[in-house]
Amino acid sequence: KTWNIGERHIKGSRNPSDISKVSEDIVIENVYMLQTKDRTGHSDSNPDYIGGIDMMMTRNLTIRDCVAEGIRGQQNGGRAAIFLWQGQENITIERNIIIGCAKGIALGNPSRPFGNIVTGNWHADGAIIRNNFILRGQWTTGDNIAFELCSTKNIRVYNNTIYSEDASYFRTVSIYDCTAKGPTDNVILGYNIIRGRIKDYTDGKGWSLVGNIQDGIGTTVTADWFIDPANADFHLTANAT
């Protein structure tokens with residue numbers, strides 16, 4: 001359990017002298033990351049300089065069976081509970097629970113990838129993201145995105161529940177191309193339950209939806225579909241028809 005860390009709960013950095021180097025064959029599992037108070041007195045002036053698992057330059061990374069709760073800054077922003085960027089190859093993210101964080105799961109961000117990384121112009125190349133429960137933070141300031149893909153390719157997002165209490169929120173899911181770098185390619189969102197809207201920032205539409213239940217109004221995917229949505233227990237009830 002990591003509690004009120006106030007910056008990054010787990011950090012994997014790059015090698016600044018050789019950014020072609022990667023960390024390989026990593027497993028992060030059964031970690032509970034909890035934030036119950038704002039960070040104060042940090043040398044960085046950004047009140048939202050906070051995050052959960054923040055990793056760069058990895059190959060064969062697995063993150064599974066973790067819980068992240070309440071990770072957000074003073075202005076309700078921050079990095080994601082699971083934030084993987086700048087050279088991610090062959091990633092597995094599965095069976096995690098994310099409760100009311102400023103951002104849920106993010107592969108990449110709108111900043112351009114570094115040059116000369118193993119994944120070229122893409123933040124991530126090759127990932128399976130499956131069977132995760134994400135309860136989006138309720139705020140409208142800050143990023144507050146439940147699920148984000150930026151400059152990624154060969155990604156599969158299967159069988160997740162992504163839930164915004166405000167079903168009309170315009171970017172519960174966000175898919176983005178970095179300008180002139182790594183356009184989204186061969187990305188499939190399949191068989192997910194998504195309460196909230198999807199914002200498409202891509203140019204070439206290199207992604208597709210298959211077999212999802214998506215509700216951007218809030219009249220189909222309702223709270224009574226789930227055991228305890230306020231605590232991100234999205235196991236289904238008999239009402240989920």
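Mentor: Let's begin with cysteine 66: at a relative accessible area of 3%, cysteine 66 is buried (buried is under 20%, exposed over 50%, partly exposed in between, with a 1.4 Å probe and protein chains only). Keep in mind that this is a predicted model, where local features need pLDDT of at least 70 and side-chain atom pairs pLDDT 80 or more, while totals for chains, interfaces and linings use all residues. Residues are numbered from 1 along each chain as its sequence is written, and side-chain values use heavy atoms, leaving out hydrogens and water.

Trainee: How many disulfides does the structure hold?

Mentor: A disulfide is a pair of cysteine sulfur atoms within 2.5 Å. The structure has zero. For cysteine 66, the nearest cysteine sulfur belongs to cysteine 101, 12 Å away. Cysteine 101 is buried too, because its relative accessibility is 2%.

Trainee: Where is threonine 152 found, and what does it touch?

Mentor: Strands are DSSP runs of E, at least two residues, numbered from the N terminus. Threonine 152 lies in strand S13 (residues 152-158) and is buried, at 0% relative accessibility. Contact means heavy atoms within 4.5 Å; leaving aside residues up to four places away in sequence, threonine 152 touches several residues, including Leu107, Trp122 and Asp185.

Trainee: In which sense do S21 and S22 pair?

Mentor: Two strands pair if DSSP finds at least two bridges between them. S21 (residues 226-228) and S22 (residues 233-236) are antiparallel, over two bridges. Phenylalanine 226 sits opposite leucine 236 of S22. Their hairpin has four residues between the strands, and alanine 232 there takes a positive phi near 60°.
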